[in-house]
Amino acid sequence: MSSASTTRPNGVALFILPSALLFALFFFLPIGLMALMSALTGNPVVMPKVAFTTRHYARIVNDPYYLEVIWTTIRIGLVTTLVALAIGYPLAHWMARIKSRTGHALLLMAVLAPMLTGIVVRTFAWMTLLSDKGVINQTLMSLGLIAQPLKLMYTETGIVIGLVHIYVPFMVLTLTGVIGRIDERLEQAAENLGASPLRAFLEVTLPLSLPGILAGSLLVFALAISAYVTPILLGGFQIMTLPILIYQQISANFNVGFAAALGIVLLVISLMLVIAYNRALGLVSGQRELQ
Amino acid sequence: MMKALGSSRLSRRRFLTAGASLGIGTIAAPYVARAEDPTLRITGWGGKWGEIMKAEIGPAFESEFKCKLQTDSAFPYLPKLQASSRSAPIYDVLHTNSNEQWAAAEMGLVEPKIDPKLVPNLADVYPYAVSEKIVGVSIFTSAIGLGMRTDKGYGNVTSWKELWDTKYNGVRGGYVIPVNSLGQAFLMMCGTLFGKGQTDLDAAYAALEKLKPIKIVDFTGAMEKMLLSGEVGLCVIHDSGIYRYDGQNQPIDFVAPSEGVLSLEQVLTITPGSKMKELANAYVNYMLRPEVQKRLAETVWYSPANKKVKLDAKYDAKLLTTPEKVSKLIQVDWKWYNERKDEIDQRVNRIFRA
């Protein structure tokens with residue numbers, strides 16, 4: 001009886017098995033293959049002679065153009081994250097502290113509503129607003145405020161506007177949960193001890209909400225640097241980011257190896273960010289084991 | 001008796017079983033019925049081309065050759081063909097533009113030539129359709145020239161060089177050269193216009209620098225929308241991208257520049273590993289039939305490759321349907337271009353970055 005119980009598979013393990021298999025099949029295997037392809041001279045499945053090479057990575061490092069593309073991608077990601085945080089934090093704070101259930105439901109609906117529409121549709125909507133013949137420029141010109149259309153599209157600013165609109169809900173939803181768990185009595189205690197509402201917020205609420213800020217920022221940054229549709233439509237191909245370059249290498253240059261190397265670079269940037277996030281979270285929350 | 005009656009009663013289990021069987025049967029019926037038919041896997045465009053292929057041209061081929069056509073219209077095709085096995089390729093017939101066909105041929109993904117013995121209609125095509133600058137056979141061509149708004153008072157445009165006129169700053173349209181055939185062909189034209197010929201890349205790069213500011217798009221469909229909305233006033237485009245709005249009272253027109261129009265060929269090739277070679281050749285031959293060419297040409301405004309096609313007057317007046325008109329086509333040396341594509345892409349990406 002006892003031997004039977006020792007050989008019986010753990011129930012939890014069996015429960016996890018499907019998702020573990022799914023994760024291995026659709027995450028580790030593709031990434032492993034991508035890493036392999038980035039270090040080969042060709043596709044071993046269809047080419048008879050392939051060898052290991054570092055030429056794809058050397059091309060990235062040796063040509064300043066690719067380093068500029070990487071920096072543009074990171075810059076767009078950082079600006080998008082900061083703007084999403086600036087817009088999302090007050091909204092999340094309001095949602096977390098609002099007493100009215102109806103008010104909370106309405107705010108939640110307002111945040112979630114844009115997510116019910118596809119990214120492509122939302123980006124096209126921004127195009128109709130930001131283009132030279134778009135609503136904003138036509139309105140300003142008809143009012144006589146400008147003579148020539150403002151360059152709102154085909155710029156990094158245009159891309160950031162589109163990305164912020166798409167990713168603000170991710171920031172708000174992440175922050176709302178964290179801020180909602182902060183005991184309001186801590187702020188009240190700070191104010192009773194003479195702190196102004198602003199100081200109570202800066203010294204109590206803000207530090208306690210840092211895990212939410214970091215988690216939301218990580219999510220928005222990762223999504224922004226891997227975005228394809230919005231940068232390509234609002235940037236008009238004049239702002240080159242890593243996902244656009246990867247697609248170009250696969251679809252038009254048929255250079256799978258180089259595209260894989262660029263993909264690995266994008267992955268490494270994301271991983272470095274996760275590691276930095278864990279360290280920062282460990283430091284602010286005092287949980288050293290997180291590191 | 002009672003038992004028999006009881007056993008025939010409709011229980012919930014029986015109802016669900018019958019329902020599930022009926023559902024599976026309904027879903028599977030078309031596949032079971034067609035299981036015997038050979039399947040020819042091809043690529044093809046969406047839009048008007050896809051509509052008429054699905055509604056008329058495809059079914060007529062399926063009916064005549066007792067087969068099934070399976071069309072992939074999700075561009076890009078070549079990476080998918082590249083990823084599939086050489087001995088069991090994802091497509092039997094590849095339909096795409098000439099630059100990609102050359103890349104496919106270089107990688108050994110398609111057969112470089114079509115056998116005239118297996119495709120008799122090849123004897124009736126214009127020389128450009130099977131020239132040394134073509135892999136496979138070009139079944140149609142478009143003329144790449146300039147598209148313009150006629151309601152902006154731009155005057156009479158006759159030359160490619162007018163695209164560089166500063167009055168078009170802010171309303172000039174071009175393409176993402178690394179991913180677009182028209183953009184690549186236009187780059188070669190820049191070498192001819194401002195340098196020693198198509199292969200004068202330095203002259204072409206210098207000309208492209210002077211073309212800024214320019215609005216660039218990846219597909220001709222996007223350029224059509226920009227021209228229709230007035231976002232663009234003068235742009236590089238193929239004739240069918242303008243003529244397809246014929247009769248819709250749109251203020252746009254196509255200009256065939258005096259220096260000549262570039263050829264945008266619709267090319268068919270057969271994959272070496274195809275198990276449906278006979279059917280693939282039959283399909284290529286079918287697509288070159290005069291009646292098929294006429295129907296497609298008059299739907300999508302492509303110039304037919306078959307010399308024997310007689311189009312209605314409206315189409316005949318605008319499309320390239322005579323040896324004289326066809327002789328104005330300038331074909332690009334895609335083999336030469338593809339060998340330098342990485343270098344060209346790096347340079348033009350730098351030129352057009354914001």
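This is a predicted model: local features need pLDDT of at least 70, side-chain atom pairs count only at pLDDT 80 or more; totals for chains, interfaces and linings use all residues.

How much area do domain 1 of chain B and domain 2 of chain B bury between them, and what percentage of it is on carbon and sulfur atoms? The two domains bury about 1300 Å² between them, and 51% of this area is on carbon and sulfur atoms.

**Domains of chain B**
- In the domain assignment of chain B, domain 1 is made of residues 39–141 + 264–319, while domain 2 is made of residues 142–262 + 337–352.
- The contact between them takes 14 residues from domain 1 of chain B and 15 residues from domain 2 of chain B, and the centres of these two domains, taken over C-alpha atoms, are 26 Å apart.

**Domains of chain A**
- Chain A is also assigned two parts, with domain 1 covering 27–62 + 257–291 and domain 2 covering 67–254.
- Where these two domains of chain A meet, 17 residues of domain 1 and 16 residues of domain 2 take part in the contact, and the centres, again taken over C-alpha atoms, are separated by 27 Å.
- The size of an interface is often given as the accessible area lost when the parts come together.
- For the two domains of chain A this buried area is about 1500 Å², with carbon and sulfur atoms giving 88% of it.
- On the side of domain 1 of chain A, the residues A:L262, A:L266 and A:Y277 supply 34% of the area buried against domain 2, which is more than any other three residues supply.

**The largest nonpolar core**
- In soluble globular proteins, nonpolar side chains tend to be buried together.
- The largest nonpolar core here has 165 residues, and those touching the most other members are B:W49, B:L187, B:L208, B:Y283 and B:M287.
- Leaving aside residues up to four places away in sequence, B:M287 touches B:W49, B:M53, B:I57, B:I139, B:L268, B:V292, B:Q293 and B:L296.

**Pockets and cavities**
- The second largest pocket holds about 530 Å³ of space, and its lining of 26 residues includes A:D132, B:N169, B:G170, B:V171 and B:K215, which lie nearest its centre.
- Sorted by class, the lining of this pocket consists of 11 nonpolar, six polar and nine charged residues.
- There are five cavities of 30 Å³ or more in the structure, and the largest cavity contains about 70 Å³ of space.
- This largest cavity is lined by 14 residues, of which A:F237, B:V348, B:N349, B:F352 and B:R353 are the closest to its centre.

Methods: Residues are numbered from 1 along each chain as its sequence is written. Chains are lettered from A and ligands numbered from 1 in the order in which they are written. Side-chain values use heavy atoms; hydrogens and water are left out. On a 1 Å grid over the protein atoms alone, a cavity is a set of points where a 1.4 Å probe fits but cannot get out, and a pocket is an open set with protein on both sides within 12 Å along at least five of seven lines; lining residues have an atom within 4 Å of a point. Grid points are joined across faces, edges and corners, and a volume is the space filled by probe spheres set on the points. Ala, Val, Leu, Ile, Met, Phe, Trp, Tyr, Cys and Pro count as nonpolar, Asp, Glu, Lys and Arg as charged, and the others, Gly among them, as polar. A nonpolar core is a set of buried Ala, Val, Leu, Ile, Met, Phe, Trp, Tyr and Cys residues joined through side-chain atoms within 4.5 Å. Buried means under 20% relative accessible area, exposed over 50%, partly exposed in between (1.4 Å probe, protein chains only). Contact means heavy atoms within 4.5 Å. Domain bounds come from an automatic or database domain assignment. Buried area is the accessible area (1.4 Å probe) that two parts lose on being put together, summed over both.
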